[in-house]
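Work through the exercises below with the coordinates open. Try each task before reading its solution.

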Amino acid sequence: MPMMSPSRFNSRALFATWKDDVQVAALELAGTFLFLLLGLGGIQAAAASASAQQTPEESEKALNAIASLEQLIYISTSMGLSLLVSAWFFYRVTGGLFNPNITTALFLIGAIGPLRWMLCCVAQLIGAVVASGVLYGLTPGELAVNTTLSPGVSKSRGVFLEMFLTAALVLAVLMLAAEKHRTTSFAPIGVGLTLFAGHLWGCVYTGSSMNTARSFGPSVIVGFESNHWVYWLGPFLGSILATLFYTLLKLIRYWRLNPAQDGEHWEDSPDPLDNGFVNTIRGYINARQPSADADAQRTTDRAEEKPSDVQIEHVDTRHVDNSLRV
């Protein structure tokens with residue numbers, strides 16, 4: 001009977017690397033703290049700038065709403081660049097996750113074990129709380145980085161918005177970082193741009209959490225909204241959706257569909273002189289070539305026949321002249 005590989009949930013396998021798991025979790029706490037301190041700090045600065053241009057009655061409302069398109073771009077850029085640089089700092093150390101939903105997806109595909117998954121998720125939540133507390137102490141006024149649903153956005157809409165936004169972010173991590181290729185080391189760029197793009201859409205409607213820790217940290221400081229559960233359920237469903245899609249890609253062996261896409265040999269480059277379209281044109285030209293040659297031959301024959309006709313007529317004329325002489 002073949003030997004079965006040991007389960008990840010076996011007690012011996014579960015704690016085999018517990019020291020490494022604890023170290024990774026501690027560093028994930030530090031990375032999450034850095035990521036959210038920079039990202040949420042930019043959101044706080046944008047909110048303070050918007051409130052400074054409002055009347056005292058409007059300033060409180062401005063802290064929790066997108067006042068202008070410029071503010072939306074500023075917030076999106078702040079979060080996207082913050083994740084890009086923070087993830088790149090910690091990329092070779094812990095992977096630069098900083099998100100329980102990304103950590104969950106990596107656990108589901110078997111990239112990390114259950115103990116590391118649990119420790120990292122807790123560490124990321126704690127790091128978010130610490131970052132929010134430090135930001136609150138460093139900046140004047142109320143903390144204006146909490147996520148909440150905008151007026152007109154129902155809780156069900158909020159769940160699905162966060163699900164799709166988070167799925168895009170998680171899929172970026174799975175395909176660019178977890179899936180190894182020649183440009184894996186540049187994965188933080190693609191992941192950061194995905195967060196930037198997600199904020200451009202979702203920030204107006206849900207605050208664009210895409211990260212349960214990002215919503216949990218500020219809520220601990222300023223209080224929990226009644227719709228806070230949306231930022232747990234939506235991102236969790238997003239991680240499940242991205243994991244299922246990634247698994248489907250592996251099942252169909254996606255690398256067969258576009259081979260050599262990650263190659264560097266010139267032989268794998270397309271040859272415009274040897275493809276179906278060019279060969280079709282060549283075949284059409286070759287098929288027309290005999291007809292053209294035949295036309296040219298007929299033209300040549302006619303040109304040769306004309307002098308012969310003239311000579312015959314000349315002979316006939318001389319014959320007639322001789323008859324007249326007789």
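## Exercise 1: A residue with positive phi

The model is a predicted one.

Solution. The relative accessible area of Arg253 is 44%. Buried means under 20% and exposed over 50%. Arg253 therefore counts as partly exposed. Now place the residue: Arg253 sits in the loop between α10 and α11 (276-325). Then check the backbone. Arg253 is not a glycine, yet its phi is positive, about 55°.

## Exercise 2: One side of a helix

Which residues of α8 are buried, and why do they fall on the same side of the helix?

Solution. Take the geometry of α8 first. This helix covers residues 187-202, 16 residues in total. From first C-alpha to last, α8 reaches 22 Å, close to the 22 Å expected at 1.5 Å a residue. Next, list the buried positions: Ala187, Pro188, Val191, Gly192, Thr194, Leu195, Gly198, His199 and Gly202. Their arc around the axis is only 155°, which puts them on the same side of α8.

## Exercise 3: A helix crossing

Describe how α7 and α10 cross.

Solution. Two numbers are needed: packed helices are described by the angle between their axes and the distance between the axes. The pair is α7 (residues 155-178) and α10 (residues 230-251). Their axes come within 6 Å. The crossing angle is roughly 45°. Angles under 35 degrees count as roughly parallel, and 65 to 115 as roughly perpendicular. α7 and α10 are therefore oblique to each other. The handedness is right-handed. Finally, sort the contact residues of α7 with α10: 18 are nonpolar, 6 polar and 2 charged.

## Exercise 4: A loop residue

Is Asn211 buried or exposed, and how far apart are the C-alpha atoms of Asn211 and Val170?

Solution. Asn211 lies in the loop between α8 and α9 (212-222). Its relative accessibility is 4%, so Asn211 counts as buried. Now the distance. Asn211 and Val170 are 41 residues apart along the chain. Their C-alpha atoms are separated by 9.9 Å.

Notes:
Residues are numbered from 1 along each chain as its sequence is written. This is a predicted model: local features need pLDDT of at least 70, side-chain atom pairs count only at pLDDT 80 or more; totals for chains, interfaces and linings use all residues. Side-chain values use heavy atoms; hydrogens and water are left out. Helices (H or I, at least four residues) and strands (E, at least two) are DSSP runs, numbered from the N terminus. The expected span of a helix is 1.5 Å times one less than its number of residues. Buried means under 20% relative accessible area, exposed over 50%, partly exposed in between (1.4 Å probe, protein chains only). The arc is that of the directions from the helix axis to the C-beta atoms. Axes are lines fitted to C-alpha atoms, for helices over the stretch in contact, and angles run from 0 to 180 degrees between N-to-C directions. Angles under 35 degrees count as roughly parallel, over 145 as roughly antiparallel, 65 to 115 as roughly perpendicular and the rest as oblique. A crossing is left-handed if the near helix is turned anticlockwise from the far one by less than a right angle, and right-handed if clockwise. Ala, Val, Leu, Ile, Met, Phe, Trp, Tyr, Cys and Pro count as nonpolar, Asp, Glu, Lys and Arg as charged, and the others, Gly among them, as polar.
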